[in-house]
Amino acid sequence: RVNGRCVETDPNEPGEFIAKILNVAGGSNYAGYTSREASERKVIHNVFEEGDAYFRSGDLLRRDAEGFVYFHDRLGDTFRWRSENVSTTEVAEICGQFNAGVPLEFNVYGVVVGALEGRAGMSTVAGISHDRFPFARFLDFARANLTAYQIPLFLRFVPAVDVTSTFKHMKVQLRDEGFDPARVADPIYFLNGADGYVRLDSAMHQRILAGQIRV
């Protein structure tokens with residue numbers, strides 16, 4: 001914001017897509033949600049001038065010098081993959097219902113995969129070591145309870161899930177580290193098609209980035 005107002009982005013600079021809310025003939029072009037609170041959280045006021053209101057999409061877009069618009073990322077606790085929005089909270093809660101014989105905790109987030117659009121699903125897994133985790137049963141469970149684009153493509157096994165002072169899962173550093181074994185000491189597994197989850201090494205990581213392994 002400049003002087004308390006928003007400004008448009010420069011070419012190739014990511015920015016959130018917002019839509020102006022219009023009040024015409026006593027009505028509005030913004031229907032909102034069933035919850036009034038949820039509806040209000042998506043609206044920002046006094047954006048470009050006093051009294052205006054805009055709907056926040058949560059989508060970061062990028063416009064090139066010729067005016068073409070491209071998807072860049074999602075804000076908050078969602079990410080976009082295969083042209084679909086994925087709720088990290090929903091996926092983590094469903095994965096947490098998997099019965100591995102011990103209590104498990106999942107922290108789901110999206111990671112950049114080379115030049116692919118959006119982010120692929122990745123989750124930390126705490127409560128069990130990777131050599132005891134029943135990968136095949138978990139994959140069957142995930143396919144039965146999640147859509148294809150929601151299933152985590154990468155699993156990172158950690159001793160514990162890091163949380164903030166308000167007990168929210170920490171994700172920023174995890175997103176930055178991605179699935180690069182050179183940056184992550186924890187065991188990482190990749191959902192490699194019909195082979196199921198396989199241990200990720202540096203050679204496979206490079207093949208994924210090069211597009212030699214389909215994601």
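Mentor: A contact means heavy atoms within 4.5 Å. Keep that in mind as we read this predicted model.

Trainee: What share of the contacts with a separation of 6 or more comes from residues 24 or more positions apart?

Mentor: In this chain, such residues account for 58% of those contacts.

Trainee: How many helices and strands are there in the chain?

Mentor: The chain has five helices and 13 strands. Its C-alpha trace spans about 60 × 40 × 35 Å along the principal axes.

Trainee: What percentage of the residues count as buried?

Mentor: Buried means under 20% relative accessible area. Here 40% of the 215 residues qualify. The accessible surface of the chain is about 12700 Å². Carbon and sulfur atoms hold 49% of that surface.

Trainee: How far apart are the mean positions of the positive and negative charges?

Mentor: They lie 2 Å apart. The chain has 24 positive and 28 negative charges.

Trainee: Which residue with a positive phi follows H5?

Mentor: Gly-211 does, with phi near 80°.

Methods. Residues numbered from 1 in each chain as written. Predicted model: local features only at pLDDT ≥ 70, side-chain atom pairs only at ≥ 80, totals over all residues. Heavy atoms only, no water. Helix = DSSP H or I, 4+ residues; strand = E, 2+ residues; numbered from the N terminus. Buried < 20%, exposed > 50% of the residue type's maximum accessible area, 1.4 Å probe, protein only. Areas by Shrake-Rupley, 256 points an atom, 1.4 Å probe, with all protein chains shown as cover. Lys, Arg positive; Asp, Glu negative; His and termini not counted. Charge placed at Lys NZ, Arg CZ, Asp CG, Glu CD.
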